[in-house]
Amino acid sequence: MERALLRYRNSVISGLIINEANGVITVKSSNGYNMTFDKSEVEFIERKREEYADHRKIEAIEKGQGEKRISVLATGGTIASRVDYETGAVSPVSDPELIFGGSDILTRFTVAVKPVMNEFSENLKPADWIRIGEIVARESSDSDGVVVAHGTDTMSYTSSALAFMFEAMRVPIIFVGSQRSSDRPSSDSRENMEAAINFAGTDIGEVAISMHGTTSDGRISLLRAVRSRKMHTSRRDAFESIGLPPIADYDGIVKFMGSYRKVSEEMKFSPKLDERVSLIYFHPGLNADDFENMISGKHAVVIMGTGLGHTARDLIPVIKNASANGTYVIMTSQCIYGSTGLNVYSTGRELLAAGAIEAGNMVPEVAFVKAMYLLGQYPHEQFRDLFRTNMRGEILDRDVPEETLRISR
Amino acid sequence: MDTKIGLEVHFQLNTGKLFCRCPVEQTQDEMFRFRRKLHISASELGNIDAAASYESMRSRSFEYIVADNSCLVEMDEEPPKSPNRLALATAIAVSRSLGCDVMDHITYMRKIVIDGSNTTGFQRTAIVGINGRIETSRGPVRISTVCLEEDAARKIEEKNNVVVYSLDRLGIPLIEISTEPDIVDEEHAVEVARSIGYLVISTGNARRAVDAVRQDVNFSMGYGRVEIKGVSKLAQIRDVIRYERERQENLRIAVDTIRSRGGIDRSSFKLKDVSDFFSNTKSKIIRNGLESGRIFASLLKNMAGTLKNGKLRMGKEIADLVRSYGIKGVMHSDELPGYGLTAEEVETVYRSLGKSENDAVLLIVMDPARVSFIENAIFDRIQKIMSMDLSETRGPSGDETVFLRPMPGKDRMYPETDVPVIEVGADLAAMASSIRPRTYGEVVQDLVKTYGISKQNAEYIASEMILDLFQRMAQLIDAREAARMITQIIPDLERKTGKVLDQDKILRLCQRSKEMQLDRYQLEKALEILYEKNSVEAALSDSRIRELSRQELEDLISDILNTRGDATRNAIIALIRERTDRVFDPRMAMECFNEVKNRR
């Protein structure tokens, strides 16, 4: 880094040079403000180099005196950040003591933080899901719970993939993210993480997501991964489990609210996924040729159709053809809430006749992940049956009205 | 040591909120509420500034009232939108009028504020201009910065560690103008605030509301810098500076007294549980305290007679601090016995603590869990005062000031990455050029010329910074009547009722008065009733504004003359007022009097 003394019009400004590119220069001035100038407008009176430590690396650290050992895996969703007010740089923090100082987490748990990868979640690929799954499997052998810190954008995909890959698990696998970055005092990350560690200390044998239940702080909900969906771009309570109340809430203590699968003695982990599956959003005017190209070479295609699960009539022959050639075509709905119903209108009946499989009330993204898992793990002949079989709680037997769900909370 | 005074003057703008497209004004009360906490992660406590860690130690939670002029941005549930262009242009225009170097790029920062007044835990702020000056009668005062920032949420109340804020004010654009400490005394400070005020208010983009202009006063007389935050009226600037000077002078005397006796002593300052001495007390404050907590007492070595004795008030310094942690029951030996305690009870405590003549004793009613924390906090404060380091953030309280929190450090800003750097291009510069801030002299001259009002009234309107209110009123009612209302009637009513009405209400009354074609007597009566009833429609439907007709006046006057045949022309108006609270035209009443008298 460089410190500079520069002249801008009638003013003299001293500060640290934060950025110098594209003809502009940003200086962190001694009054704390960043100031940006056209380079042609400033005259340097003095510039000198200064050493600066870079903290951007995250290290594996274990701390705490608690009996239960919780592994926290960092995949890129930052667990906590430190702001360097001098440079404005935000860097991740992995020391649990720095994250949980002031709470009782470290007296109740031993927390081991391990960096796994450092990626925005939109960049993750199915191969990364497998890699995360393998590390979780390894960690679960010598810990009492595993927490996966993950970017929120694709957290539902990754967590659902793990839910299918872990047919049985020895310890809870809890995903956690945050909607406000952890450098802010208002970040939701601390409460989400505190809750995640507490959820990971229970006997739940499912993959679930720990995020804010409301815009208020103070109540964190645990959502079944295979019913979850990010339903808001920015709110803290963006995650919902569709058509299902949270499994549990945390408001200082864990309160289970419904039935859940318990941990097993033995782990059963099957990390095989078939990547030749795609998820297609139908829209008016979607051209049949384009659609055909999009699904060509796929073993399965999940279509987010309109309403009860429809596509335009001119796509049906393509679907029929694909089906006949061994591609599984699955119909889900863009409505997200509710079930598909292909027997109601003629379009639906024609889709069924063309070989389409109804996803029912399965969340579209979950249907997509499930198709990858089934094709990777089982003989193709079993696909139709298994797809309609409730394997991890991804299918709801009953579509209970929202109003009833709200009352039962 | 020279007195140094600097000002930070804040003006809300009426341009719409800064980082979302919500309006500045709300039309409905509460929509719903939500609760939050703010955290400074422990990783930062090592180098976080004193003010921030003080707030996080108070471990409070915050409840926010959502107003209809707020959206997900104010809730910290959505990233900020691009800053309001008109607000930016106004800040640029003001910067230019103060002779600043205007930035060619505007770079938003996050300033950490964790008292809950910002849902994010930081305030977004950017420098627009630097290095300006304003001419005053006592020489130029340098302007260090002109910033455009977002206003904080409005504090509603504080109860049991929960602070309630309303989001209505959060995000309103705020122009902050900071001076260098070039101001020489309190009168000068008022002049500077006023001069800056003309410039901003004459842009027409300043918000009109009770708390739309707020000043922070920086004061130092050699004992460290004190920042007095949120002074809303010009006259209050003068009062708080006077008070602060006196406070610091008196603390100097108190400190010298204590030092001459040998100073304070940490080892003898121990809060001990003395509740047992009060098992049969009749003191209400102690008995109430014992229901929820315990009574603690400690010696304050060598501090007798400095806590509350004439002008010496070290006791208030301690009480203000303790109160900021939500603890109210503080008593000390300079005011004991008192609070319903007997001399005997007090003596027992003194004896148990080994108080000698020069020592003082402090009594606090509190939760035992917080004793060691409070003990340290109190001693740290006394020690700081003993070293004559009086720097801290204070707030106005009437014409006094009270402790708010330690002085914030400098290093608590980092870039607002959600708002890209804004280039001040030709269009923004042109928009700024169309906004022309004017000085006091220019404003007065304009008023006289445009509205035909007296120079005296114009000066009043300019100096009280109610230009905008006047201009709006003059569109609705006769300009001279508007001037009369603003310069005489409203100040009179404010004095009489002790109330300050929202300007919008007064304007709405003028609007309705225009529609209903009320005359000046009816309007003035309606205004009077508005101060009483607080509702425009109630004021307008009040029977008192129904004007007496010529016939009614004549009947009334006949009636008066029947009982008081000697009533004179000079007394008649007062006599009519005694008998009716309805409005009438005094000139018409005189005419009627003459007619009735002639008829007789």
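**Figure 1. Arg9(A) sits in the loop between strand E1 (2-8) and strand E2 (11-21) of chain A.** The model shown is predicted. The phi angle of Arg9(A) is near 50 degrees, a positive value in a residue other than glycine. Most residues other than glycine have a negative phi. The side chain of Arg9(A) makes a salt bridge with Glu41(A), and the closest N and O atoms of the pair are 3.7 Å apart. Glu41(A) belongs to the loop between strand E4 (34-38) and strand E5 (42-49) of chain A, so the pair ties together parts that are 32 residues apart in sequence. Over all chains, the count of salt bridges by this rule comes to 89.

**Figure 2. Contact between chain B and chain A.** Chain B contributes 50 residues to the contact and chain A contributes 44 residues. About 3800 Å² is buried between the two chains, with carbon and sulfur atoms giving 50% of this area. The interface of chain B and chain A holds 6 salt bridges. In a salt bridge between Arg110(B) and Asp183(A), the N to O distance is 3.2 Å. Side chains of opposite charge can pair when their charged atoms come close. Between chain B and chain A, 28 residue pairs are in polar contact, both residues being at pLDDT 80 or more.

**Figure 3. The side of chain B that touches chain A.** Elements of chain B that each supply at least two residues to this side include strand E2 (32-36), helix H1 (42-45), strand E6 (109-112), strand E8 (141-150) and strand E20 (413-415). E7(B) gives the largest share, 7 residues. Divided by class, the side of chain B that touches chain A has 22 nonpolar, 11 polar and 17 charged residues.

**Figure 4. Packing of helix H5 (residues 234-260) against helix H7 (residues 314-324) in chain B.** Two packed helices are described by the angle between their axes and the distance between the axes. For H5(B) and H7(B) the angle is about 110 degrees and the axes are 10 Å apart. The two helices are therefore roughly perpendicular to each other. From H5(B), Tyr243(B), Arg247(B), Leu251(B), Ala254(B) and Ile258(B) take part in the contact, where they meet Met314(B), Lys316(B) and Glu317(B) of H7(B). The contact of H5(B) with H7(B) consists of 5 nonpolar, no polar and 3 charged residues.

**Figure 5. Packing of helix H11 (residues 440-451) against helix H13 (residues 467-476) in chain B.** The angle between H11(B) and H13(B) is about 10 degrees, and their axes lie 13 Å apart. H11(B) and H13(B) are therefore roughly parallel to each other. On the H11(B) side the contact uses Val443(B), Leu447(B) and Tyr451(B); on the H13(B) side it uses Leu467(B), Phe470(B), Gln471(B) and Ala474(B). By class, the contact of H11(B) with H13(B) has 6 nonpolar residues, 1 polar residue and no charged residues.

**Figure 6. The cis peptide bond between Leu336(B) and Pro337(B).** Omega for this bond is about -5 degrees. Most peptide bonds are trans. Pro337(B) is placed in the loop that runs between strand E16 (330-332) and helix H8 (343-353) of chain B.

How values were computed:
Residues are numbered from 1 along each chain as its sequence is written. Chains are lettered from A and ligands numbered from 1 in the order in which they are written. This is a predicted model: local features need pLDDT of at least 70, side-chain atom pairs count only at pLDDT 80 or more; totals for chains, interfaces and linings use all residues. Side-chain values use heavy atoms; hydrogens and water are left out. Contact means heavy atoms within 4.5 Å. Buried area is the accessible area (1.4 Å probe) that two parts lose on being put together, summed over both. A salt bridge is a side-chain nitrogen of Lys or Arg within 4 Å of a carboxyl oxygen of Asp or Glu. A polar contact is a pair of N or O atoms within 3.5 Å; within protein, one must be able to donate a hydrogen and the other to accept it, and residues adjacent in sequence count only if both atoms are side-chain atoms. Helices (H or I, at least four residues) and strands (E, at least two) are DSSP runs, numbered from the N terminus. Ala, Val, Leu, Ile, Met, Phe, Trp, Tyr, Cys and Pro count as nonpolar, Asp, Glu, Lys and Arg as charged, and the others, Gly among them, as polar. Axes are lines fitted to C-alpha atoms, for helices over the stretch in contact, and angles run from 0 to 180 degrees between N-to-C directions. Angles under 35 degrees count as roughly parallel, over 145 as roughly antiparallel, 65 to 115 as roughly perpendicular and the rest as oblique.
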